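Here is a short briefing for a first look at this structure. Keep the sequence and the 3D view side by side as you read.

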Amino acid sequence: MNDTLDSLETRTVEARESELMAGLPQLIARAQAAPGWGRILAGVDAAGITSREALARLPVTRKSDLKQLQHGAPPFGGLNTTPANALSRVFVSPGPIFDPEGRGQDWWRFARPMYAAGVRAGGLLQNCFSYHFTPAAFMVEGGAARIGCTVIPAGIGQTEMQVQAMADLKPDTYVGTPSFLKLIIEKAREMGADISSVKHALMGAEALPESLRSWFAANGVPHVFQTYASADIGSIAYETASGGKLNAGMVVDENVLLEIVHPGSGTPVAPGEVGEVVVTVFNADYPLIRFATGDLSAVLVDAPASPCGRTNTRIRGWMGRADQTTKVRAMFVHPSQVHEIARRHPQILKARLVVSGRMANDEMTLHCEVERLDDGAAVEEIIATIRELTKLRGEVRLVARGSLPLDGKIIDDVRDYT
């Protein structure tokens, strides 16, 4: 018997594709009833969208467009089919971008990655995603409620309290960012605390290099899994294992129709080619039609069937950004935020945000072309604005006029992911 959440995960490839295609016309018709989608999909005959080829002719809506769409029609740009006052929650992500949560069970579809990571009914997990404004912690809560496990709502920060809770309550699973679990383990060692009960970890919101995965195994957490999700979509894909060994790639969620397209064009790439992840999400409250995430990945082709028994498409996982929006310490930073910082400080002639460092030790420095390189007061004012707009600590480096490259980059991610 396959150890999966439900029978949807082990459908034949043909059955899954048939059911996804059969559901497209109804999904698109429902979306068209919302004013935002009505404008985007104007003139589309929903009944005729019954194949991937037909779907690929529809326009792409980009995650990077959400801020502008929502500004014109708050709070969700008219993309929601359930009224805002009938939802469960409204989240505020950096940007700001507003994200809805409906009232259905496991609305974010997070039980699948959690179950694949070893979370079971009767277990205890420490939820170290933020409960403040953004939805990640609530994705975990919804998945845990469906599975039937107990949650310690720990959130982020207060590392000593995190260690003490683990030592006293002995959770079997950590859910949160890789960098924060590393900090917790190091703090536990410093405190002489026993947190060896934590054997499973489900990681998200940051890259997880193999070197860090190996570090976790060497420090008492042998079962480490990645999930790929976003605040707009919920679960997109997740890692699985069988026989104690991690399987190749990440399995796509059952309610997501995934395409890999040429960045900027929306045209599907050849099988196996790297491109931008575009998803169509079968969500009754907030349908997303050809929604471009800005992330790069590729479908695994000619790979043997996953030993875990799941039959859905597998992707190679997160392979970088297709646009200049990037994540720093689990928070998105947008080019528009860099432009706003420069607008607020007229002495900045040109700005370029450089993200550097290694995994779990991100560094963010705003390089500013200015006339005066000795303006210390301006540096402190700019640092304060960076924190206000991005919710992150950033440094400032003043450089001479004409020093920054003329390559169109607003955000330059030069981090070492090895």
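Beyond its neighbours within four places in sequence, Lys-187 is in contact with Thr-159, Glu-160 and Val-163. The model is predicted.

**Lys-187**
- Lys-187 sits in helix H8, which covers residues 178-191.
- Its relative accessibility is 18%, so Lys-187 counts as buried; the cut-off for buried is under 20%.

**Nonpolar cores**
- In soluble globular proteins, nonpolar side chains tend to be buried together.
- The largest nonpolar core here has 61 residues.
- Met-114, Leu-125, Leu-258, Val-279 and Ile-289 touch the most other members of that core.
- Another core, of 23 residues, lies apart from the largest one. Val-328, Met-364, Cys-368 and Ile-411 are among its members.
- Residues up to four places away in sequence aside, Met-114 touches Val-119, Leu-125, Val-140, Gly-143, Ala-144, Ile-147 and Leu-202.

**Second largest pocket**
- The second largest pocket holds about 660 Å³ of space.
- Its lining counts 30 residues, and Glu-17, Arg-52, Leu-258, Val-299 and Thr-313 are the closest to the pocket centre.
- Helix H1 (13-32), helix H3 (52-55) and strand S13 (256-261) each give the lining at least two residues.
- The lining is made up of 16 nonpolar, nine charged and five polar residues.

Methods. Residues are numbered from 1 along each chain as its sequence is written. This is a predicted model: local features need pLDDT of at least 70, side-chain atom pairs count only at pLDDT 80 or more; totals for chains, interfaces and linings use all residues. Side-chain values use heavy atoms; hydrogens and water are left out. Helices (H or I, at least four residues) and strands (E, at least two) are DSSP runs, numbered from the N terminus. Buried means under 20% relative accessible area, exposed over 50%, partly exposed in between (1.4 Å probe, protein chains only). Contact means heavy atoms within 4.5 Å. A nonpolar core is a set of buried Ala, Val, Leu, Ile, Met, Phe, Trp, Tyr and Cys residues joined through side-chain atoms within 4.5 Å. On a 1 Å grid over the protein atoms alone, a cavity is a set of points where a 1.4 Å probe fits but cannot get out, and a pocket is an open set with protein on both sides within 12 Å along at least five of seven lines; lining residues have an atom within 4 Å of a point. Grid points are joined across faces, edges and corners, and a volume is the space filled by probe spheres set on the points. Ala, Val, Leu, Ile, Met, Phe, Trp, Tyr, Cys and Pro count as nonpolar, Asp, Glu, Lys and Arg as charged, and the others, Gly among them, as polar.
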